[in-house]
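Subject: Structure handover

Hello,

Please find the structure below, with the sequence. My notes on it follow.

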Amino acid sequence: MGLALIRFARGAHAAWGALEGEVIVTPAGWQGWTTGALMALPLDELTAALEDPRCERVPLDQVSLLSPITPNQQLIFQMGNYHSHLREVGVRDTHAARNVFFAKAASSLAPPRGQVRQPEAVALLDYEVELGLVMGGSLTAPTDIAAGELHRYVRAVTLVNDISARDAQIADAQYYLGKSHRGFCPVGPWLMVLEKAEFDQLEHLRLRLWVNGTLRQDANTSDMVHRPHVSLSQLSRAIDLNPGDLLATGTPGGCAIRAPRIGVQKLLNLLPDRVKLAGFVRAQLRSGRYLKAGDVVTACITTADGRSLSGEQRTEVVA
């Protein structure tokens, strides 16, 4: 399926290549490129460059993997875009949920295999496995995108973990800061470049995430509330999107965060905001589901027939 493009470092130099088994095939000119520069190339040009006999073949175990999204690109995320996640945070009519977007700082980007530091003031550190869409075309004016036209604008897909500090996001109403700490956006290991006929598979991908080997999230993209072509059409009404920009399409159920029971919610609503939010944090901590130093988070996305779409992420939480 598709073409797996991987960004890596040997020494101080960053380069791109295509993954073939345990070997990276890398053209000589693919050093230092941004994601946008690579995604702007037509598929036939990508393929031709990789077939050049002058390509270097680098063993995968001799390089350090980098985020396949470079820091110059936009990082746009969807909030509450799976029925299962909306239900676990207390939304009753999930079909009526609005399509809500937010951004993460580029400095939150992290390699697909590495560490994330738990900020000192953060107790509610959560995980969110997501399907990422990587732009290959530009959207610079309001555009109505049909379901069958997604290939005209999206070039590749990837795996994203939207790590979140729920204390800042909810208790302190600091959404951007709660999502944007350094290391809070592991991406990859690779970008899977899709051919036109392969885009139908995006409707039935399996997203999974484990914490210390225990499965926490396991869902299908068919559970999305707002489909990718609808979301990109809506975004085009307000902002420009260009090759290499990332749209992470929301997370399914299984996150650490949970809505308080209805009775508890009614009681908390009678209290001053500061007391109410402190009570929320204490209640969330009692679940024991939030990440802590020493935890290892792994995640993957597979096709309906079990093939890996993304490779496996592995992130260790450190103090």
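**Notes on the model**

Asp162 and Lys104 are both buried, where buried means under 20% relative accessible area, exposed over 50% and partly exposed in between (1.4 Å probe, protein chains only). Before going further, the basis: this is a predicted model, in which local features need pLDDT of at least 70 and side-chain atom pairs count only at pLDDT 80 or more, while totals for chains, interfaces and linings use all residues. Residues are numbered from 1 along each chain as its sequence is written, and side-chain values use heavy atoms, with hydrogens and water left out.

**Salt bridges**

The side chains of Asp162 and Lys104 form a salt bridge, with N to O at 2.6 Å. The term stands for a side-chain nitrogen of Lys or Arg within 4 Å of a carboxyl oxygen of Asp or Glu. Asp162 sits in the loop between strand E12 (154-161) and strand E13 (164-165), and Lys104 in the loop between strand E7 (100-103) and strand E8 (109-110), so the pair ties together parts that are 58 residues apart in sequence. Helices (H or I, at least four residues) and strands (E, at least two) are DSSP runs, numbered from the N terminus. Both residues also belong to a network of salt bridges that links Lys104, Asp126, Glu128, Asp162, Arg166 and Lys179. The count for the structure comes to 15 salt bridges.

Another of these pairs is Arg227 with Glu203, whose closest N and O atoms are 2.7 Å apart. Here Arg227 lies in the loop between strand E17 (214-220) and helix H6 (228-236), and Glu203 in the loop between strand E15 (190-193) and strand E16 (206-211), so the contact ties together parts that are 24 residues apart in sequence. Arg227 is buried at 16% relative accessible area, whereas Glu203 is partly exposed at 33%.

Asp295 and Lys292 form a salt bridge as well, with 3.3 Å between the closest N and O atoms. Asp295 is buried, at 4% relative accessible area, and Lys292 is partly exposed, at 48%.

**Strand pairing**

Strand E2 (residues 13-20) pairs with strand E3 (residues 23-26) in the antiparallel sense over 3 bridges; two strands pair if DSSP finds at least two bridges between them. Leu19 has Ile24 in E3 as its bridge partner. On to the next pairing: E3 is joined to strand E4 (residues 56-59) by 4 bridges, and the two run antiparallel. Thr26 is opposite Glu56 in E4.

**Backbone points to check**

The peptide bond from Gly188 to Pro189 is cis, with omega near 20 degrees. Pro189 is in the loop between strand E14 (185-186) and E15. Asn212, a residue other than glycine, has a positive phi, near 55 degrees. Asn212 is in the loop between E16 and E17 and is partly exposed, with a relative accessible area of 44%.

**Cysteines**

How many disulfides does the structure hold? There are 0, a disulfide being a pair of cysteine sulfur atoms within 2.5 Å. For Cys300, the closest cysteine sulfur is that of Cys255, 16 Å away and too far for a bond. Cys300 is buried, at 11% relative accessibility. Cys55 is buried too, with a relative accessible area of 15%.

Regards
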